[in-house]
Amino acid sequence: MSTVCCIDLCRFFVQGEQTVRALDHVNLEIDKREFVCLSGPSGSGKTTLLNAIGGLDKPTSGEVWVAGQRIDGLDKADLANMRLHHIGFVFQAYNLIPVLTARENVEFVMQVQGVTASERRDRSMALLKEVGLEDMEERRPAQLSGGQQQRVAVARAIVSNPAMVLADEPTANLDSVSAEHLMGLFVNLNEKHQTTFIISTHDQRVMSYARRLIGMVDGRIVTDEIR
Amino acid sequence: MITNVTLSLAWRNLWRHPRRTWLTVGAMVFSNILLVFLISLQFGMYRVMYENSLRLFTGHLQVQAVGYIDEPRMRLTIPDAAGLAARLRDAMPGNDVAARGLAFALASSADRSYGVQIVGVQPEHEPRVSSLPGLVKRGRFLDNAGMQEAVIGSVLARNLRVDLGHELTLFGTGRDGSFAAGIVHIVGILDSGSAEIDRSFVQISLADFQDIFAMQGHGHSVVLMTSDLFNLKAATAKVEAIIESGESVVHDWNALLPGLKQSVQADMVSAWFMYAVLIVLVAFSVLNTQLMSVLDRTREFGVVMALGLSPARLGRLVLLETAMMAGLGLLLGVAVGSGVVLYFYHYGLTFPGLEAMTAQFNLPGRLYPSASFASLMLGPTVVFLACLAAAIYPAAKLLRMEPVAAMRAV
Ligand SMILES: Nc1ncnc2c1ncn2[C@@H]1O[C@H](COP(=O)(O)OP(=O)(O)O)[C@@H](O)[C@H]1O
Ligand SMILES: [Mg+2]
């Protein structure tokens, strides 16, 4: 069964006289355990597609299915609940709450999910260890490097064992060593937890980690290759 | 549900901009100190006003015949009024008690006649329940029961063209409906500052009163001064147990003098208009601070909303932050304010011109603020609630926030 399915998906932005076709009749199916890279130049619609899949944005037309459920018609509260329990997000920047420590950032989301205090602590420590930050749990984001911050965001994204993790240009603000480290972590988690990863990027090195590479231009999928 | 991560998150969020937070807390503290002080002083003044007004004549409690309060008829009396007063005095040490008789009569001097209020008092006990004996400006107060002496109001003396040593003839109706008459001579002139009393009062001894008006030992009221005019429940119950007759009742000062509380409340309302200005200013500073704080965190809120946090939860976070800030303002304001109040509670407060001003109202020249839980907490509690109310708008802004738009915000 596919984890994600987009059927004839369109998202148009009307700006004055112009209509921007951010997504232009996109058809896409992504299976469980896939490790997908969305590539394409800036403005090609990568973020818009991830937002539609993650239920952050309503498409103009078409259908979005996630884990067997059609989500494009859900109301805000249901979408928020779905994101909280079934989807992990890693954004390009400003992922973390600056006044909370690394561990608290991970715990905060679990707390909202209703996880008990003792379990929160155990799981956050285990996840921080898994992303290689076992000695840094008491640090605030400002005391962590950009790569370390992104790894905290990854730990937070996978706390609820989501069906998939959506990462929008997660390496854009990282140096190449940190970027490769982060991609290695994604690959590991994908193999170990069998989580689906969909990562947007326009970085050539990131794409080299992909087992399926989807290329976008002007809101359309132009290439889709499995490697 | 609030657990420790949320609490520490809210608390730390407050200190992201320490200067901004301290400015807002400072405004709260300042206004709280001011309110604690002003309200305590105001309550202290009201207490003095109540005490002075009631001490003039009404007292804190009165025992009367049923119905007398609505229609003061001669026949509505308390049997053995002096005896009841003595029993109350014995049973309730620490309270002052005196019996009285009251009648309307015509008072005639050599030249003129006026309708007057005759008050029969116990000369040895009246000075402990009323300030009138101390307000005799010329001559002296009554001292010996049964000597046909009278103390009269200064305006009445002028109207009747009488002075110390002159005689007055009193005509009225006795308790039994018979014609009542008596002759008294004036030993004191009363200047109370109350127009009504100075124009109409003739005080004679209760014994003379009972003679003239054929009272047979009866009186019309027994007046009590207790230790606390705001706490009369226990005293009332005790008096009720002692009178134990269906013919007499106990009234408190609020029933006896209903206008007093109303005039104080009217004053309170006008004071609160002034306080409201202060409170609104503080509330606006909170509104401003929390709007900025929400605006500053637009991206951050966008990210956590994208993760699935509900806007309502984030709105509650903003309210929690405000509550913490307002709580801090309340603690500091009440602490410092109470210190100021306690200082003046001990040493009193006076300033140039105060004495001249207060003398008009028969108030002492040194003011003592009251220091009760209510007087210390009332203002700061209202400020706290106003601050929370002011944060509703910034919190509600989050309800309309869209995560995608918020994350794109600069
Ligand atoms: N909220 C929006 N309002 C107007 N135009 C938008 C909005 N979001 C995206 N776009 C436009 O849609 C196109 C695709 O944007 P985006 O998905 O962000 O591309 P990418 O992530 O590949 O850089 C761009 O032309 C962008 O300007
Ligand atoms: Mg993008």
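Student: Which polar side-chain atom lies 2.6 Å from an oxygen atom of ligand 1?

Tutor: A polar contact is a pair of N or O atoms within 3.5 Å. In this predicted model, the atom belongs to the side chain of Thr47(A). The model is predicted, with local features needing pLDDT of at least 70 and side-chain atom pairs pLDDT 80 or more, while totals for chains, interfaces and linings use all residues; side-chain values use heavy atoms, without hydrogens or water. Residues are numbered from 1 along each chain as its sequence is written, and chains are lettered from A and ligands numbered from 1 in the order in which they are written.

Student: Where does ligand 1 lie, and which residues come nearest?

Tutor: A residue is near a molecule if one of its heavy atoms lies within 4 Å of it. Ligand 1 lies between chains A and B. Of the 13 residues around ligand 1, the nearest are Gly43(A), Lys46(A), Thr47(A), Thr48(A) and Arg408(B). The side chain of Arg408(B) places an N or O atom 3.0 Å from a nitrogen atom of ligand 1.

Student: How much of ligand 1 does the protein bury?

Tutor: Accessible areas come from the Shrake-Rupley method with a 1.4 Å probe. Ligand 1 taken alone exposes 560 Å², and the protein buries 74% of that.

Student: Which element supplies the largest share of the shell around ligand 1?

Tutor: Helices are DSSP runs of at least four residues, numbered from the N terminus. H1(A) supplies that share, with three residues; this helix spans 46-53 of chain A.

Methods
Polar contact = N/O pair within 3.5 Å; in protein donor to acceptor, adjacent residues only side chain to side chain. Helix = DSSP H or I, 4+ residues; strand = E, 2+ residues; numbered from the N terminus.
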